[in-house]
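Hi,

Here is the structure I said I would pass on. Have a look at it first, and my notes follow below.

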Amino acid sequence: RVHNALASATAQALRCAAEERGLATGVLSGGVCQNRLLLERTAAGLEGLRVLVPERLPPNDGGIAYGQAAVASARGAPSTTASGPPRSSSTRSSWCS
């Protein structure tokens with residue numbers, strides 16, 4: 001039951017985030033996606049979305065860090081300095097209520 005509840009909640013959050021942003025693709029990664037049962041059940045709850053999962057990178061923190069670096073590079077983010085990463089003034093919108 002715990003696996004089903006977690007997979008369902010994760011799928012719902014991803015569907016809502018994708019809908020808010022007009023996206024048709026979702027990525028399932030992170031250490032929790034090393035659990036095949038959670039990964040498969042979450043992906044099954046994402047009908048209508050293209051679901052990407054790690055194949056060449058680790059699904060844990062290493063893969064997430066790589067993705068964050070890729071997004072920052074694509075957005076032309078300035079490099080990190082000794083004082084730390086640049087701060088963002090944007091606020092997150094609330095996901096589905």
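**What I found**

Of the 97 residues in the chain, 15% are buried. Bear in mind as you read that this is a predicted model. The chain has 3 helices and 2 strands, and starting from the N terminus the order is α-β-α-β-α. As for contacts between residues at least 6 apart in sequence, 78% of them join residues at least 24 apart.

On to the helix packing. Helix α1 covers residues 2-21 and packs against helix α2, residues 36-44, with the axes 8 Å apart and an angle of about 45 degrees between them. That angle makes α1 oblique to α2, and the crossing is right-handed. On the α1 side, the contact is made by His-3, Asn-4, Leu-6, Ala-7, Thr-10 and Ala-11. From α2, the residues taking part are Leu-37, Leu-38, Arg-41 and Thr-42.

Next, the core. Which residues make up the largest nonpolar core? There are 7 in all: Ala-11, Leu-14, Ala-18, Leu-28, Cys-33, Leu-46 and Leu-49. As you know, nonpolar side chains in soluble globular proteins tend to be buried together. Ala-11 also turned up above, among the α1 residues that contact α2. Ala-18, another member of the core, touches Leu-23 and Leu-49 once you leave out residues up to four places away in sequence.

Now the charged side chains. The count comes to 1 salt bridge. In that pair, the side chains of Arg-21 and Glu-20 meet at 3.4 Å, N to O. How accessible are these two, Arg-21 and Glu-20? Arg-21 has a relative accessible area of 42%, so it counts as partly exposed. Glu-20 is partly exposed too, at 38% relative accessibility.

Pro-59 sits between β2 (50-52) and α3 (61-74). Its relative accessible area is 21%, so Pro-59 is partly exposed; the cut-off for buried is under 20%. Which residue has its C-alpha atom 4.9 Å from that of Pro-59? That is Gly-30, 29 residues away along the chain. Gly-30 is also one of the residues that Pro-59 touches, together with Ser-29, Gly-31, Gln-34 and Pro-54, again not counting residues up to four places away in sequence.

That's everything from me for now. Let me know what you think.

Cheers

Notes:
Residues are numbered from 1 along each chain as its sequence is written. This is a predicted model: local features need pLDDT of at least 70, side-chain atom pairs count only at pLDDT 80 or more; totals for chains, interfaces and linings use all residues. Side-chain values use heavy atoms; hydrogens and water are left out. A nonpolar core is a set of buried Ala, Val, Leu, Ile, Met, Phe, Trp, Tyr and Cys residues joined through side-chain atoms within 4.5 Å. Buried means under 20% relative accessible area, exposed over 50%, partly exposed in between (1.4 Å probe, protein chains only). Contact means heavy atoms within 4.5 Å. A salt bridge is a side-chain nitrogen of Lys or Arg within 4 Å of a carboxyl oxygen of Asp or Glu. Axes are lines fitted to C-alpha atoms, for helices over the stretch in contact, and angles run from 0 to 180 degrees between N-to-C directions. Helices (H or I, at least four residues) and strands (E, at least two) are DSSP runs, numbered from the N terminus. Angles under 35 degrees count as roughly parallel, over 145 as roughly antiparallel, 65 to 115 as roughly perpendicular and the rest as oblique. A crossing is left-handed if the near helix is turned anticlockwise from the far one by less than a right angle, and right-handed if clockwise.
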